[in-house]
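Have the viewer ready as we go.

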Amino acid sequence: MVRALMGLPTPLPEGSFQHLHWKVSVDVATRRLHATATYTVLQTPSSTDEGCLALAVEGLSIESVAVNNDATEFKVIEMSPTSDQLHSTLAIAVPKQVVAPYSVAVTYHLAKPSLACHWLDSSWLITQSYPSYAPSLLPVPPQLCMKFTYTAHVTTSALATVLMSASLTESIQVPKSKSQVVTFNQPVAVPSHLLALVICPATTTLITTQHVASACTVHAASIPSSTSNALALVPDLVAAAERTTGLPWVWPPLHVLVVPTALTLSFRSMATPSLVVVDEAAAQKIDILADSVVRHWTAFRAPHETWTDVWLSEGWAKWLQLEVLNTVHPPSVAPIVHDGLVALRRALELDADTALVASHHSSHQWSVVGREKGYLFLRNLQTIVGDEAFQYFASAFVSGFEQGSVTTDEFCAFCHEYFTLVEDLPPLPVAWDSWLHVPGYIPSDSELKGLVGHVVPSPLPVSLLVDDTQSQQSLDVPGLLGISDTLELCSAFEHIQRQHGAVVALDVWLQCSEAHSFHPVTVHRIESLVHTYILQLLYVQFFHRR
């Protein structure tokens, strides 16, 4: 069956994966992860795919595969360098006699440094499964839209604290092996990239636990006692999100882990259902905590279906973030909007061909354009229909799509039906095509002020040029090596490219790589960025010579 397969198996339709049970053993000291991922599947593959089921994998060594507990054939189809694939494909033979529902169990171990795993100081593991990184942690459905509930069975050192993006159900010590078995349950269906695991030292000198509310626990080296600190406002952020959307918190209790400054993370924050990870600086930033909280109503409950629809998750997250902050901490709103406009203009100056609805993935500019322009588009709708009507619309939108995912076309259809049938409004005067499909489109300054002028400092940023002093500082390799946050480092290399060209950016990156060992996520992002610039340069030179 697998040997006869020509090309890649067709992914199963949305809703085909019901549940995942992840049994994993982790030795943080030796950086070893061995696991079995067992899916309950509700749909059998078509005969045109030789009865083969597709899962996405990257850097995993597959040991065995079983369907309904019986061993079956499998083949890993490696990612082609010339294709748009973001991962390799595990093709699994499903015997013809199998009927749904059935189980598919994949046993594997990590074969190389994983994009999803951050091993820190021989005693920490923090997983960060962006959609393009999740296949390097476990085999997952290849579609972004696939959601399922999950349970987990984690075996690791007895001297560790174990957290997941799920509710802890049991913890059993095994003195003979100096280990512990910790089980978790996530009863709300989530996309595969929202599964996260954290293993950290349990010693009180590193981790202190404090319940800041009945549904929120903070784990940190030290927790400020002052009620003015940002962590103390997390329960207020949750309450504000509930009031704004009219929808309750549906997740297991929230855990916030603050990672000590001594450990160098390649990201400042990570948000997954019921689990937020931040460094000590980010833990005091109310905007970062607010974004992590509101995603429990937007991106986690009604996520985008494809890479072209990213703006639906990112734009809604920013809209609700600002609505909540306007209640809980109003002074933070104006700087967030201002910085967002600067970031959007920088992104569009770098790539003027980017539309709001376009094929992107997380190595490129989608997160900036999707988030900032998506937010402005939603604000445009809000100014047309009014605040109260739009808040009711936001609640109906999340409720309408929380059982699955949403595309741009579905959003537009839902928007039209809601405002014409429920709110009894005439067709909305919205420049749909310009907002969604015209590359590089952004409203004029006067239109922007009409959308967000009540929170944006004047004048709006017009130019992103910098002086020569800043330009020279950007080539300071030791200074670049001092930047641990991946997105901040990407921004620095974007600046180098704009000021000095793609070749200089590549040269500086090679110098940085020789002087420091970066996490695979950082390498992946920067090399994707620089590689894109070099290809653009060669393309221009080739046609110029012709």
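Predicted model: local features only at pLDDT ≥ 70, side-chain atom pairs only at ≥ 80, totals over all residues.

Q: How many helices and strands does the chain have?
A: Helices (H or I, at least four residues) and strands (E, at least two) are DSSP runs, numbered from the N terminus. The chain here has 14 helices and 20 strands.

Q: What share of the chain is buried?
A: Buried means under 20% relative accessible area, exposed over 50%, and partly exposed in between, with a 1.4 Å probe and protein chains only. Of the 546 residues in this chain, 54% are buried.

Q: How do α3 and α4 pack?
A: Axes are lines fitted to C-alpha atoms, for helices over the stretch in contact, and angles run from 0 to 180 degrees between N-to-C directions. Helix α3 (residues 310–328) packs against helix α4 (residues 333–350) at about 155°, and their axes are 9 Å apart. That angle makes α3 roughly antiparallel to α4; the cut-offs are under 35 degrees for roughly parallel, over 145 for roughly antiparallel, 65 to 115 for roughly perpendicular, and oblique for the rest.

Q: Which residues of α3 and α4 meet?
A: Contact means heavy atoms within 4.5 Å. From α3, Lys318, Gln321, Leu322, Leu325 and Asn326 meet Val333, Ile336, Val337 and Gly340 of α4. These divide into 5 nonpolar, 3 polar and 1 charged, where Ala, Val, Leu, Ile, Met, Phe, Trp, Tyr, Cys and Pro count as nonpolar, Asp, Glu, Lys and Arg as charged, and the others, Gly among them, as polar. The buried residues of α4 include Val333, Ile336, Val337 and Gly340.

Q: What span should α4 have?
A: The expected span of a helix is 1.5 Å times one less than its number of residues. For the 18 residues of α4 that gives 26 Å, and its end C-alpha atoms are 26 Å apart, which agrees.

Q: How do β13 and β14 pair?
A: Two strands pair if DSSP finds at least two bridges between them. Strand β13 (residues 167–174) and strand β14 (residues 179–191) are antiparallel, with 7 bridges, and Ser167 has Asn185 in β14 as its bridge partner. The two strands form a hairpin with 4 residues between them, and Lys178 in the turn has a positive phi of about 50°.

Q: What is the strand order in the open sheet of 4 strands?
A: In a regular strand the side chains alternate between the two faces of the sheet. The order here is β9-β10-β15-β12, with antiparallel pairing. The edge strands, β9 (117–120) and β12 (160–164), each pair on one side only, and the twist averages 20° from one strand to the next. β12 is joined to β15 by 5 bridges, with Met164 opposite Leu197 in β15.

Q: Where is Ser405, and is it buried or exposed?
A: Look in the loop between α6 (387–401) and α7 (408–422) for Ser405. Ser405 counts as buried because its relative accessibility is 6%. Beyond its neighbours within four places in sequence, Ser405 contacts Glu14, Cys145, Pro303, His304, Glu305 and Glu410.

Definitions and conventions
Residues numbered from 1 in each chain as written. Heavy atoms only, no water.
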